[in-house]
Amino acid sequence: MILRRVEELRTLARGWKREGVVGLVPTMGALHAGHLSLVRAAKAGADRVIVTIFVNPRQFNSPADLEKYPRTEAADAALLAPLGVDAIFIPAPEEVYPPGFATEVTVQGVALPLEGALRPGHFAGVATVVTKLFGMTQADRAWFGEKDWQQLQVIRRMVADLNLPVEVLGVPTLRDPDGLAMSSRNARLSPEARAAAPALYAWMQRMAAGETGAEAGLLAAGFERVEYLAFHDAETLGPPRPGRPRRLLAAAWIGGVRLIDNIAA
Ligand code: AMP
């Protein structure tokens, strides 16, 4: 069932919540197998599953990127149909941000470095829309991909700080057989760039194993630019500290497409 109005969604979700656990999988559409693994996890962990498809203008810091973002609603609905999703919520931007909208959720700390520094306003856009989706659905549990590791930590922090009554669950990154993390943006890679792109994950694994020269290796493999490639504290995204879990996080450009990835390290 496809819903487009907040009021319809609220009414349905309210009924479902009385009967059992309501699960939420927020997406921006252009669905691939990575998204579907979140939906499968949600189906296993909730009685009712709501998938939202909303290309959230507030989390794009470049109008061109927002414009270029793929929109494939019919294909998305076809991919979700066999999974037994209870509702697909596809609102228009005006439905989510009606005239007079004046509230923003901003997270400090974990949201400041890396993506937060390079994409000003991005995490405020994410935190605001995710808070709204939690409010609209009253979801008991919500699933997010580890692919966007910093986003997952930002949402965990926000949920803890605001005492939001939702359990946040992370799902491991799904990769193509050659190691490239699945992403809606991969569709924009030229054949040459797509062939070279797995070097990112390969070099991250070598770096996690102690090898040096990853950045030079990526440039030699055809990447134009490495924005960051470094170890961080896995939860706070601050500098790594002895005795605490680390994460290796990367953002790099190839063929005019910005790829991000991360692994435990
Ligand atoms: P997006 O549509 O890109 O905003 O992603 C929606 C959700 O799917 C986010 O929680 C992402 O982290 C997650 N996701 C995207 N790509 C992958 C992937 N390759 N593996 C697992 N989860 C993913």
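**Exercise 1.** Which residues of helix 11 (residues 214-221) are buried?

*Solution.* Before starting, note that this is a predicted model, where local features need pLDDT of at least 70, side-chain atom pairs count only at pLDDT 80 or more, and totals for chains, interfaces and linings use all residues. Residues are numbered from 1 along each chain as its sequence is written, and side-chain values use heavy atoms, leaving out hydrogens and water.

Step 1. The buried residues are A214, G217 and L218; buried means under 20% relative accessible area, exposed over 50%, and partly exposed in between (1.4 Å probe, protein chains only). Helices are DSSP runs of H or I with at least four residues, strands are E runs of at least two, and both are numbered from the N terminus.

Step 2. These residues sit on the same side of helix 11 because they span an arc of only 100° around the axis, judged by the directions from the helix axis to the C-beta atoms. In general, an α-helix has 3.6 residues a turn, so residues three or four places apart point the same way.

Step 3. On the face turned away from the buried side, helix 11 carries the exposed A216 and A220. Its buried residues pack against helix 10 (199-208) and strand 7 (225-233), where contact means heavy atoms within 4.5 Å.

**Exercise 2.** Describe how helix 7 (residues 122-137) and helix 8 (residues 149-161) cross.

*Solution.* Step 1. Their axes come within 11 Å and cross at roughly 55°. Axes are lines fitted to C-alpha atoms, for helices over the stretch in contact, with angles from 0 to 180 degrees between N-to-C directions.

Step 1. Helix 7 and helix 8 are therefore oblique to each other: angles under 35 degrees count as roughly parallel, over 145 as roughly antiparallel, 65 to 115 as roughly perpendicular and the rest as oblique.

Step 2. Helix 7 contributes F123, V126, A127, V130, T131 and F134 to the contact, and helix 8 contributes Q150, Q151, V154, I155, M158 and V159.

**Exercise 3.** What is the relative accessible area of T137, and which residues does T137 touch?

*Solution.* Step 1. T137 lies in helix 7 and is buried, with a relative accessible area of 0%.

Step 1. Not counting residues up to four places away in sequence, T137 touches L9, A13, V22, L24 and I50.

**Exercise 4.** Is N163 buried or exposed?

*Solution.* Step 1. N163 is found in the loop between helix 8 and strand 6 (167-171).

Step 1. With 65% relative accessibility, N163 counts as exposed.
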